[in-house]
Amino acid sequence: MKRSLALGLCVSLLAMPVMATEKDTLKARQDQLSNELEESKKAQAETDAELEITEAERDAVKTEIHVVDDRLNELSEQIAIQQHEIDTARAELESTRQQLSVQEEYLESQKELVNERLRVLQVHEDTSYLQVIFESRSFGDFVTRAMTARTIAEQDRELIHNYMSEMERLESLESTQRTQLSFIKQKERELVITKQDLDRTAEKKRDLLVELNEQVEQLELEKMTRSEEQAVMAEQNRIISEQLEAIATAEREAAEAAERAKREAEARAAEERAQAEAEARESEVEEAPEVTAPTETPTNVSTSTGFVRPVSGYVSSPFGPRDNPLTGVPEIHKGIDLVNASGTPIVSSAPGVVIKAAPATGYGNVVFVSHVINGEIWTTVYAHLNAITVGAGQQVAAGQTVGTLGNTGWSTGPHLHFELHRGKWAPGQPNAIDPAPYIGY
């Protein structure tokens, strides 16, 4: 009875015969899975280090961009101030030019008068006081003439001197203002050139920041994907450990049952021999009766259910090469896409144990199921589900609902992305095969 219960428990847990070869196969799978899990952890550690470095570079570039932006704002303010100074200088220069124009118009209008006064001054410069005395009628007239001539001459000199001084002042002011305007313009040009250089630098920094942001996103996605991969591998490892433990328990119980049966058989045989000897002595019969010792041989249970179709519908994308519908990049499609209405039940293709039942990058809501069929490990994947109806570690039968069809994850419409792996699921899906022939497509 115990042996039957043990075998029943083993079949329930493993859906496979309790055989030493299967135990060795599972142990080899477990060792390989452990090695790959360690490799994945090492790769994740490298990804984490690269992510940390890239994030530090990104933060440094952000700081540099802030510095450049502050400098650009400062230059913009300086350029605005320079432009205001240029406008002011231009206004002052225009005012000076207008004054010069007025002076020139005045000079033109007084040209004849000024020329006459210059001739008079020239004449007076050449006339001696004797001429003034000879022309004078009296001493008083002489004094009057001398004073008048001196006054007129001084006034004319002052007039002409003031006029020329004003002209020189305005011309000098104009020259100074032109020089100042030229200097301000040059300074503005230098500021503009500096700002243009900084603009180009800022643009390069922003392009670099975009690139670093993309690298960070890619590394974060890689980190998240590796974490999900490790979770799946760890769960597979746990299930294999449970299978190995169940096999060991079944083998131990079977061995104990066989040992008990052997002892019982030996005891019965000894008892029968003793009885036969006693009867022989009593009947003095030389030939001893033949004794048949019943033996109990363990029976190995093997089931091969094959695979059932997880959902009906038409194939929108078969297994193999294609252009990714989201990115347009060529890729190998590691599964088959089956289209049906959203909410349609999705069933397990074979009896097994659920490895993962949760959202995953790219897959959306996804269910992984591990199967052992005729001593061989298989894994099926049901992706883009609208809802999940099973949990990790749960045993499922062929045809049992695991979720409903949906459009989650990297999907362009309601469909089931179904994968079949000959062996365990591993990063990069190296064990994926075309599921179409196995499910009747």
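Guide: The largest pocket holds about 1000 Å³ of space. Keep in mind that this is a predicted model. Which residues lie nearest the centre of the largest pocket? They are Glu 331, Gly 362, Tyr 363, Trp 410 and Gln 429. They belong to a lining of 41 residues. Sorted by kind, the lining of the largest pocket has 15 nonpolar residues, 17 polar ones and nine charged ones.

Next, the elements behind that lining. Which element gives the most to the lining of the largest pocket? That is α5, with seven residues. The helix α5 spans residues 139-283. Several strands also supply at least two residues each to this lining. Among them are β1 (314-317) and β2 (320-323).

β11 pairs with β8 in the antiparallel sense. Six bridges join β8 and β11.

Look for Val 369, which stands opposite Thr 380 in β8. β7 and β8 form a hairpin, with two residues between the strands. In this hairpin, Asn 374 has a positive phi, near 55°.

β8 has another partner to trace. Strand β10, residues 401-405, runs antiparallel to β8. Three bridges join β8 and β10. Ile 388 has Gly 403 in β10 as its bridge partner.

Gly 343 sits in the loop between β4 and β5, and β5 covers residues 345-347. What does Gly 343 touch, leaving aside its neighbours within four places in sequence? Gly 343 is in contact with Thr 404 and Leu 405. Both residue numbers fall in the range of β10, 401-405. Gly 343 counts as partly exposed because its relative accessibility is 34%, between the limits of 20% for buried and 50% for exposed.

One last pair ends the tour. Gly 343 and His 415 are 72 residues apart in sequence. In space, their C-alpha atoms are 9.9 Å apart.

Definitions and conventions:
Residues are numbered from 1 along each chain as its sequence is written. This is a predicted model: local features need pLDDT of at least 70, side-chain atom pairs count only at pLDDT 80 or more; totals for chains, interfaces and linings use all residues. Side-chain values use heavy atoms; hydrogens and water are left out. On a 1 Å grid over the protein atoms alone, a cavity is a set of points where a 1.4 Å probe fits but cannot get out, and a pocket is an open set with protein on both sides within 12 Å along at least five of seven lines; lining residues have an atom within 4 Å of a point. Grid points are joined across faces, edges and corners, and a volume is the space filled by probe spheres set on the points. Helices (H or I, at least four residues) and strands (E, at least two) are DSSP runs, numbered from the N terminus. Ala, Val, Leu, Ile, Met, Phe, Trp, Tyr, Cys and Pro count as nonpolar, Asp, Glu, Lys and Arg as charged, and the others, Gly among them, as polar. Buried means under 20% relative accessible area, exposed over 50%, partly exposed in between (1.4 Å probe, protein chains only). Contact means heavy atoms within 4.5 Å. Two strands pair if DSSP finds at least two bridges between them.
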